[in-house]
Amino acid sequence: MIGAIVWALLVSGSQLPGSTSSSGAERAIRRVRFAEAAVFDMVGGGSRAGTWAGQVYGGYPWLGARGQVGVGPRGLAVGVDFEMARFRRFRPAAVLALRWVDRKRLRLTGELLLGYLVQVGELARKGANAELRIRLAFPTGRVAPYVMLGTSHTLLADRTTTITAAGETRDLSFRHEWMPRATVGLAVAITRAIGLELGVDLAWYDAPTRTPSIPGFHLGLAFGGGQR
């Protein structure tokens, strides 16, 4: 009789409210442990002050590298971005990013990139470039689906040389190249400092006069440090 009572107390004690709440707290800690992972800074944009993050990626047709460091509140970050398409189109740029929404499971960031475009080959061109990007990510545990929307604008200079019997004249004119773009992908945090991301890339060169470009893809390795 006494043994049965002791057994009942032990069983009931294992299901006390305090035990349940402790288990729930542990699950909550696991969910937010990777919220500040470096790979989430790359796909979601921005970096908190005192942290930095970088990324290298490759695929078709894009290859590139990116780095940023947090310098202020609301995920304010500065950095550099270098991208290349098919070893013919190069664009280095400086980056300024600010998180508009900064929550554990939602990040919305705006970015401004200022750089210079150089394209070689049959369609050689070069000129100053500016791009606006919006990054949206949904971190949950170790993974984060994300979307990037961008609009890239380049001021191209054309030089025309005309040779006649009277002599040679040179004319300089300017034209605008617009390239809307988007990326949809998934980021995975291996640790808070290292992660992977895979994305499908959509770009429309010389929009809207030409047809949309063939979709591409890339695989990236992200890394970072600081007080995460």
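## Contacts, burial and backbone geometry in a predicted model

A polar contact of 2.8 Å connects the side chain of Gln 119 with that of Arg 89; a polar contact here is a pair of N or O atoms within 3.5 Å, where within protein one must be able to donate a hydrogen and the other to accept it, and where residues adjacent in sequence count only if both atoms are side-chain atoms. The model is predicted, so local features need pLDDT of at least 70 and side-chain atom pairs count only at pLDDT 80 or more, while totals for chains, interfaces and linings use all residues. Residues are numbered from 1 along each chain as its sequence is written, and side-chain values use heavy atoms, with hydrogens and water left out.

Gln 119 belongs to strand E5; helices (H or I, at least four residues) and strands (E, at least two) are DSSP runs numbered from the N terminus. Gln 119 counts as buried because its relative accessibility is 14%. The term buried means under 20% relative accessible area, exposed means over 50%, and partly exposed lies in between (1.4 Å probe, protein chains only).

Thr 109 is also placed in strand E5, which spans residues 106–119. With a relative accessible area of 0%, Thr 109 is buried. A polar atom of the Thr 109 side chain lies 3.4 Å from the backbone oxygen of Gly 45.

**Salt bridges**

A salt bridge is counted when a side-chain nitrogen of Lys or Arg lies within 4 Å of a carboxyl oxygen of Asp or Glu. By this rule the model has 21 salt bridges. Three of them are set out below.

| Pair | N to O distance |
|---|---|
| Arg 66 and Glu 111 | 2.6 Å |
| Arg 135 and Glu 111 | 3.0 Å |
| Arg 133 and Glu 131 | 2.9 Å |

Arg 66 and Glu 111 form a salt bridge with the closest N and O atoms 2.6 Å apart. This pair links distant parts of the chain, since Arg 66 is in strand E2 and Glu 111 in strand E5, 45 residues apart. Both Arg 66 and Glu 111 are buried.

Glu 111 also meets Arg 135 in a salt bridge of 3.0 Å. Arg 135 lies in strand E6 and Glu 111 in strand E5, so this pair ties together parts that are 24 residues apart in sequence. Arg 135 is buried, as is Glu 111.

In the salt bridge between Arg 133 and Glu 131, both residues are buried. Through shared partners, salt bridges join Arg 66, Asp 81, Glu 83, Arg 91, Glu 111, Glu 131, Arg 133, Arg 135 and Arg 181 into one network.

**Backbone geometry**

Most residues other than glycine have a negative phi, and most peptide bonds are trans. The peptide bond joining Tyr 60 and Pro 61 is cis, with omega about -5°. Pro 61 sits in the loop between strand E1 (51–60) and strand E2 (62–70). Another cis peptide bond runs from Ala 207 to Pro 208, with omega near 0°. Pro 208 occupies the loop between strand E9 (194–203) and strand E10 (216–226).

Arg 74, although not a glycine, has a positive phi of about 60°. Arg 74 is located in the loop between E2 and strand E3 (77–85). Phe 87, likewise a residue other than glycine, has a positive phi near 60°. Phe 87 is in the loop between E3 and strand E4 (89–103), and counts as exposed because its relative accessibility is 58%.

**Pairs separated in sequence**

Phe 90 is part of strand E4 and is partly exposed, with a relative accessible area of 25%.

Ser 47 is in the loop between helix H3 (38–44) and E1. Ser 47 is buried, with a relative accessible area of 0%.

**Surface charge**

Arg 33, Lys 104, Arg 142 and Arg 192 gather in a patch of positive charge on the surface. Patches are made of residues with over 30% relative accessible area and no salt bridge, like charges being joined within 9 Å and nonpolar side chains (Val, Leu, Ile, Met, Phe, Trp, Tyr) within 5 Å. Arg 142 lies in the loop between strand E6 (125–137) and strand E7 (143–164), and is partly exposed at a relative accessible area of 41%.

How values were computed:
Areas by Shrake-Rupley, 256 points an atom, 1.4 Å probe, with all protein chains shown as cover. Lys, Arg positive; Asp, Glu negative; His and termini not counted. Charge placed at Lys NZ, Arg CZ, Asp CG, Glu CD.
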